[in-house]
Amino acid sequence: MQTTVNVSGMTCGHCVMSVTEELTELEGVESVDVDLMAGGVSPVVLTSSRELPEDEIKEAVEEAGYTVA
């Protein structure tokens with residue numbers, strides 16, 4: 001199952017690493033693919049074994065210090 005969210009505020013590889021780390025901790029997440037658009041809105045594709053509630057994704061992204069756009 002794939003879920004795409006748009007994340008704003010990421011500017012570099014470290015940002016991507018932080019968001020990826022938080023999202024991979026969610027139950028069922030198998031992979032995270034970030035298409036970094038530095039300073040803009042970056043699409044993030046989550047592959048998971050279950051449907052991911054929007055609030056869980058948002059909380060994980062905010063924990064990393066960024067915003068779901």
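Tutor: Contact, or touching, here means heavy atoms within 4.5 Å. The model is a predicted one, in which local features need pLDDT of at least 70 and side-chain atom pairs count only at pLDDT 80 or more, while totals for chains, interfaces and linings use all residues. Residues are numbered from 1 along each chain as its sequence is written, and side-chain values use heavy atoms, with hydrogens and water left out.

Four strands form an open antiparallel sheet in the order S2-S3-S1-S4, two strands being paired if DSSP finds at least two bridges between them. S2 and strand S4 (67-68) stand at the edges with a single partner strand each, so one side of each is left without a neighbour in the sheet. S3 pairs with S1 in the antiparallel sense over seven bridges, and with S2, again antiparallel, over five bridges. Threonine 47 of S3 is the bridge partner of glutamine 2, and serine 31 also stands opposite threonine 47; aspartate 33, in turn, stands opposite valine 45. The hairpin of S2 and S3 has six residues between the strands, and in it glycine 39 takes a positive phi near 80°.

Serine 42 lies in S3 and counts as buried because its relative accessibility is 0%, where buried means under 20% relative accessible area, exposed over 50%, and partly exposed in between (1.4 Å probe, protein chains only). Its side chain reaches the backbone nitrogen of methionine 37 at 2.9 Å. Leaving aside neighbours within four places in sequence, serine 42 is in contact with Val5, Asn6, Val7, Met10, Val34, Asp35, Leu36 and Met37.

Valine 44, with residues up to four places away in sequence not counted, touches Thr3, Thr4, Val5, Val7, Met10, Leu23, Val32, Asp33 and Val34. Valine 44 also belongs to the largest nonpolar core, which has 19 residues, and is listed with Met10, Leu23, Ile57 and Tyr66 as touching the most other members. Such a core is a set of buried Ala, Val, Leu, Ile, Met, Phe, Trp, Tyr and Cys residues joined through side-chain atoms within 4.5 Å. In soluble globular proteins, nonpolar side chains tend to be buried together.

H1 lies across S2 and S3, running at about 160° to S2; axes are lines fitted to C-alpha atoms, for helices over the stretch in contact, and angles run from 0 to 180 degrees between N-to-C directions. Within H1 is serine 18, which counts as buried because its relative accessibility is 19%. Not counting residues up to four places away in sequence, serine 18 touches Ala64 and Tyr66, and that Tyr66 is one of the core residues listed above with valine 44.

Terms used
Helix = DSSP H or I, 4+ residues; strand = E, 2+ residues; numbered from the N terminus. Polar contact = N/O pair within 3.5 Å; in protein donor to acceptor, adjacent residues only side chain to side chain.
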